[in-house]
Amino acid sequence: MINFSLEGKVALVTGASYGIGFALATAYANAGAKVVFNDINQELVNKGLAAYKELGIEAHGYVCDVTNEDQVNAMVAQIEAEVGVIDILVNNAGIIKRVPMHEMSAAEFRQVIDIDLNGPFIVAKAVIPAMMKKGHGKIINICSMMSELGRETVSAYAAAKGGLKMLTRNIASEYGEFNIQCNGLGPGYIATPQTAPLRELQADGSRHPFDSFIIAKTPAARWGTPEDLAGPAVFLASEASNFVNGHVLYVDGGILAYIGKQPK
Ligand code: NAP
Ligand code: GCO
């Protein structure tokens with residue numbers, strides 16, 4: 001019997017008050033997991049707790065900046081004491097800055113790398129020892145089309161997400177012998193607050209040029225929704241994927257396979 005259940009597992013999803021993280025945590029709860037999440041401030045955590053409660057999910061929320069190692073270590077210790085040892089980690093928290101590289105400050109570049117790459121390292125490092133002791137663990141890093149492709153204005157984000165793909169492969173390599181699987185989940189273009197600027201209607205009511213571009217680049221001819229990621233995320237968190245390790249599962253509607261629709 002293939003086991004997709006997450007019954008009795010403790011799942012930590014970072015940055016999961018809303019957006020993709022919220023959808024993944026909700027799917028994990030529906031698969032039987034105890035859901036734990038963090039966000040950058042109490043207001044967001046409270047917003048998330050209320051949203052989970054509305055869905056009948058008793059989530060556990062913590063204020064924690066994933067770039068702050070002391071905060072992360074304290075949060076993991078608190079989770080272990082209050083909920084249980086973390087079985088599943090999803091490194092979801094992330095930001096993007098869309099600035100032409102020659103206009104981007106080093107501080108802006110560093111901030112994106114810090115949250116999108118250093119953060120996943122810090123949180124994974126904090127949960128791996130207990131996973132080693134327990135004899136199993138799942139780490140899922142939220143990668144991106146920009147783990148494979150570049151585009152104008154997202155140099156820091158592409159560097160971070162490219163690095164996150166290789167961090168994923170390295171964790172898989174270093175901890176596979178402890179029955180810890182580390183894989184990436186690579187969303188395509190998903191309709192969340194992070195991509196809202198790329199979908200804003202123009203003054204004349206027409207679609208944003210980037211919106212039309214993505215529709216043409218996606219065989220599914222639509223933006224993804226956070227819910228499109230739920231099934232693949234449950235698969236990667238479940239025992240059904242115990243021999244999948246170091247893989248990035250792209251959930252992109254076919255973008256990476258497609259040259260793009262020819263202009264009429
Ligand atoms: P989002 O709507 O911007 O949500 C990101 C979440 O992470 C927010 O709750 C954010 O809190 C939190 N966060 C930011 N910095 C943090 C920090 N230092 N510590 C803790 N939490 C922090 O983004 P999303 O679209 O759901 O994306 C989630 C993940 O998927 C990101 O890693 C993103 O790069 C990736 N992704 C997104 C897409 C897409 O098309 N949307 C596609 C591929 C990959 P604040 O509200 O305070 O910022
Ligand atoms: C952008 C978008 C993308 C998506 C996602 C694609 O500006 O190109 O924000 O980076 O967020 O990462 O997979």
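Visitor: Which strand does Thr14 lie in?
Guide: Thr14 is part of strand 1; helices (H or I, at least four residues) and strands (E, at least two) are DSSP runs, numbered from the N terminus. This is a predicted model, where local features need pLDDT of at least 70, side-chain atom pairs count only at pLDDT 80 or more, and totals for chains, interfaces and linings use all residues. Residues are numbered from 1 along each chain as its sequence is written, chains are lettered from A and ligands numbered from 1 in the order in which they are written, and side-chain values use heavy atoms, with hydrogens and water left out.

Visitor: Is Thr14 buried or exposed?
Guide: Thr14 counts as buried because its relative accessible area is 1%. Buried means under 20% relative accessible area, exposed over 50%, and partly exposed in between (1.4 Å probe, protein chains only).

Visitor: What does Thr14 touch?
Guide: Leaving out residues up to four places away in sequence, Thr14 touches several residues, including Asn38, Val66, Leu89 and Val123. Contact here means heavy atoms within 4.5 Å.

Visitor: New topic: how many residues are in the largest nonpolar core?
Guide: The largest nonpolar core has 34 residues, and Leu12, Leu89 and Ile171 are among those with the most contacts inside it. Such a core is a set of buried Ala, Val, Leu, Ile, Met, Phe, Trp, Tyr and Cys residues joined through side-chain atoms within 4.5 Å.

Visitor: Which element gives the most to this core?
Guide: Helix 4 does, with 9 residues. A second, separate core has 32 residues, among them Ile20 and Leu185.

Visitor: And which residues come nearest to ligand 1?
Guide: Tyr18, Asn92, Tyr157, Ile190 and Thr192 do, out of 28 residues around ligand 1; a residue counts if one of its heavy atoms lies within 4 Å.

Visitor: How far is an oxygen atom of ligand 1 from the side chain of Lys161?
Guide: An oxygen atom of ligand 1 is 3.0 Å from an N or O atom in the Lys161 side chain. For Ile190, a polar backbone atom is 2.8 Å from an oxygen atom of the ligand.

Visitor: One last thing: where is Asn179?
Guide: Asn179 is in the loop between helix 5 (155–175) and strand 6 (180–187). Its phi is near 60 degrees, a positive value in a residue other than glycine. Asn179 counts as partly exposed because its relative accessibility is 31%.

Definitions and conventions. Polar contact = N/O pair within 3.5 Å; in protein donor to acceptor, adjacent residues only side chain to side chain.
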